Amino acid sequence: MLGSLLIFALVASFTPGPNNIMALMLANRFGLSRTVKFCLGVGTGFFIIILVCCFFNVMLHHALPKAEPVMAVLGALYLVYLAFKMMTSKLENDSDSGARHNSFHAGMLLQFINPKGILYGITVTSTFILPNNSSYAALLSYSVIVALIGCMGTFSWSIFGSVFRSLLAKYQRGFNVVMGLLLIYCAATIVIH
């Protein structure tokens, strides 16, 4: 069961999504060292989501169908806003415009309006964690493991954005538009599902 959990978590954490696209864009724009706080915020927020899903899985399962449409719209609107800001941002790499999105709090709060992350949390806890583990220590341990994997995925996208910073700087306008369109795609898939 642990092997299946790890495979599922790795695939879900390293594929494109709002967290990873934002991390890539922020590291490209501000550098890896200034984006670490965003990645840590994503990991912390994701850890809290997983923990909440573990301890309140049954309650969330019943409440989610009512809350999901609202969360989907709010999350999608925020992603469209981020996409717009990204696509219309200045072309200077060292500009601080958009720096407020490159913070621990922004990374953490993104998790609470990201229905994809919450649905992932419910799926991973109800499918892989709760059927075989119900002790508080096990739930906490698995929450830490899953959050660390998610943080590693986001951080790897930051590394990519930082490593290819000079290459992407040559094509910054196109890069910003593509990243913005990917965020809009993420927003659309959240609302459609």
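User: Which helix holds I48?

Analyst: I48 lies in helix 3; helices (H or I, at least four residues) and strands (E, at least two) are DSSP runs numbered from the N terminus. This is a predicted model, in which local features need pLDDT of at least 70, side-chain atom pairs count only at pLDDT 80 or more, and totals for chains, interfaces and linings use all residues. Residues are numbered from 1 along each chain as its sequence is written, and side-chain values use heavy atoms, with hydrogens and water left out.

User: Why does I48 count as partly exposed?

Analyst: Its relative accessibility is 31%. Buried means under 20% and exposed over 50%, with partly exposed in between (1.4 Å probe, protein chains only). I48 therefore counts as partly exposed.

User: What makes the nonpolar surface patch of about 660 Å²?

Analyst: I48, V52, F55, F56, L109, F112 and Y136 make this patch. Nonpolar patch members have over 30% relative accessible area and no salt bridge, and are joined within 5 Å. Helix 3 (32-55) and helix 5 (104-112) each give two or more residues to the patch. The largest share, 3 residues, comes from helix 3.

User: Which residues have the most contacts inside the largest nonpolar core?

Analyst: They are M22, L26, F38, L79, M86, M179 and L183, in a core of 23 residues. Such a core consists of buried nonpolar residues joined through side-chain atoms within 4.5 Å. At least two core residues come from each of helix 2 (18-30), helix 3, helix 4 (57-87) and helix 9 (172-192), and helix 2 supplies the largest share, 7 residues. A second, separate core has 15 residues, including L5, F128, Y142 and V146.

User: With which residues is M86 in contact, leaving aside its neighbours within four places in sequence?

Analyst: M86 is in contact (heavy atoms within 4.5 Å) with M22, M25, N176, M179, G180 and L183.

Technical notes:
Patch = residues over 30% accessible without salt bridge, like charges linked within 9 Å, V, L, I, M, F, W, Y side chains within 5 Å. Areas by Shrake-Rupley, 256 points an atom, 1.4 Å probe, with all protein chains shown as cover. Salt bridge = Lys/Arg side-chain N within 4 Å of Asp/Glu carboxyl O.
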